[in-house]
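Visitor: I would like to learn how to read a few features of a protein model. Please give me the general idea each time, then the case at hand.

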Amino acid sequence: MKHNELVIDGYNLLHKLCPASAGTALDELRRKMETTLRSFQLRRKCSITVVYDGSGIRDSSFGNTLHTIYTASSKTADAWIIDYVKSLNTSRKMVTIVSSDREVTLYGKAYGAKCLTSEEFIGLLEKSRPPAGKNDRDYNSKYTNGFLDSNEVKKWKHLFESGR
């Protein structure tokens, strides 16, 4: 599934992806989730906006690419996401909403957005993780640019020359 832009119901995904344990600060859980999302974003080369119910905290970004929005105290993340999708007009089909909130997904679909539940998106995150033992930086640089490093070229060359 191609995602040009993901709009994520922040706390909805957070509570499913990073269940709180005793003594774990909410800021720490958000950072953990946002780091996971940033890795996904690097692999998929898509725009991601995470929307949290908030108290008017300013928009921020993670490395200038993962956008986080804290709504005004008078507006929920759900309402923000619905209003955002309504405002997109013809480009909304390029947006995928990630939320398990039925109202958000019903409105999103009605306005032409693709929708994934938080659980479906977590499955997508799991499938897109680098293999065990590989870190994101090595995996991203090695497998997303389409080029082989010199060691891989030598291995392939050896395979072809040996006649296997």
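Visitor: Which residues form one aromatic cluster?

Guide: This is a predicted model. In it, Tyr 11, Tyr 52 and Tyr 70 form one aromatic cluster.

Visitor: How many aromatic pairs does the structure hold, and how is such a pair described?

Guide: A pair of rings is described by the distance of the centres and the angle of the planes. The structure holds four aromatic pairs. For Tyr 11 and Tyr 52, the ring centres are 4.8 Å apart and the planes stand at 55°, so this pair is tilted. The pair links distant parts of the chain, with Tyr 11 in helix 1 and Tyr 52 in strand 2, 41 residues apart. Tyr 11 counts as buried at 16% relative accessibility, and Tyr 52 is buried at 0%.

Visitor: Which charged residue lies over the face of Tyr 52?

Guide: Arg 30 does, at 5.7 Å from the ring centre.

Visitor: What are the distance and the angle for Phe 40 and Phe 121?

Guide: Their centres are 5.2 Å apart with 75° between the planes, and the pair is edge-to-face. Phe 40 belongs to helix 2 and Phe 121 to helix 5, 81 residues apart, and the pair links distant parts of the chain. Both residues are buried.

Visitor: Now helix 5. Which of its residues are buried?

Guide: The general idea is that an α-helix has 3.6 residues a turn, so residues three or four places apart point the same way. In helix 5, residues 118-128, the buried ones are Ser 118, Phe 121, Ile 122, Leu 124, Leu 125 and Ser 128. Seen down the helix axis, the buried residues of helix 5 fall within an arc of 160°, so they line one face.

Visitor: What do the buried residues of helix 5 pack against?

Guide: They pack against strand 1 (5-9), helix 1 (10-17), helix 2 (26-44), strand 5 (95-98) and strand 6 (114-116). On the side of helix 2, Thr 36 touches Leu 125 and Arg 129, leaving out residues up to four places away in sequence. Thr 36 is itself buried, with a relative accessible area of 19%; the cut-off for buried is under 20%.

Visitor: How many residues has the largest nonpolar core?

Guide: In soluble globular proteins, nonpolar side chains tend to be buried together. Here the largest nonpolar core has 23 residues, and those with the most contacts inside it are Ile 8, Met 33, Leu 37, Ile 48 and Phe 121. Two or more residues each come from strand 1, helix 1, helix 2, strand 2, strand 4 (66-70) and helix 5. A second, separate core has 13 residues, among them Val 51, Ala 77, Trp 80 and Cys 115.

Visitor: What is Met 33 in contact with?

Guide: Apart from neighbours within four places in sequence, the contacts of Met 33 are Gly 10, Leu 13, Leu 14, Leu 17, Cys 18, Val 50 and Tyr 52.

Visitor: In which sense do strand 2 and strand 4 pair, parallel or antiparallel?

Guide: They pair in the parallel sense, over five bridges. Ile 48 stands opposite Leu 66 of strand 4. Four of the five residues of strand 4 are buried, so this strand is largely enclosed by the rest of the structure.

Visitor: Last, Lys 45. Is this residue buried or exposed?

Guide: Lys 45 counts as exposed, at 55% relative accessibility. Its place is in the loop between helix 2 and strand 2 (47-52). Lys 45 also has a positive phi of about 55°, although it is not a glycine.

Terms used:
Residues are numbered from 1 along each chain as its sequence is written. This is a predicted model: local features need pLDDT of at least 70, side-chain atom pairs count only at pLDDT 80 or more; totals for chains, interfaces and linings use all residues. Side-chain values use heavy atoms; hydrogens and water are left out. Buried means under 20% relative accessible area, exposed over 50%, partly exposed in between (1.4 Å probe, protein chains only). The arc is that of the directions from the helix axis to the C-beta atoms. Contact means heavy atoms within 4.5 Å. A nonpolar core is a set of buried Ala, Val, Leu, Ile, Met, Phe, Trp, Tyr and Cys residues joined through side-chain atoms within 4.5 Å. Rings of Phe, Tyr and Trp (its six-membered ring) pair if their centres lie within 6.5 Å; planes under 30 degrees apart count as stacked, over 60 as edge-to-face and the rest as tilted. A charge sits over a ring if NZ of Lys or CZ of Arg is within 6 Å of the ring centre and within 35 degrees of the ring normal. Two strands pair if DSSP finds at least two bridges between them.
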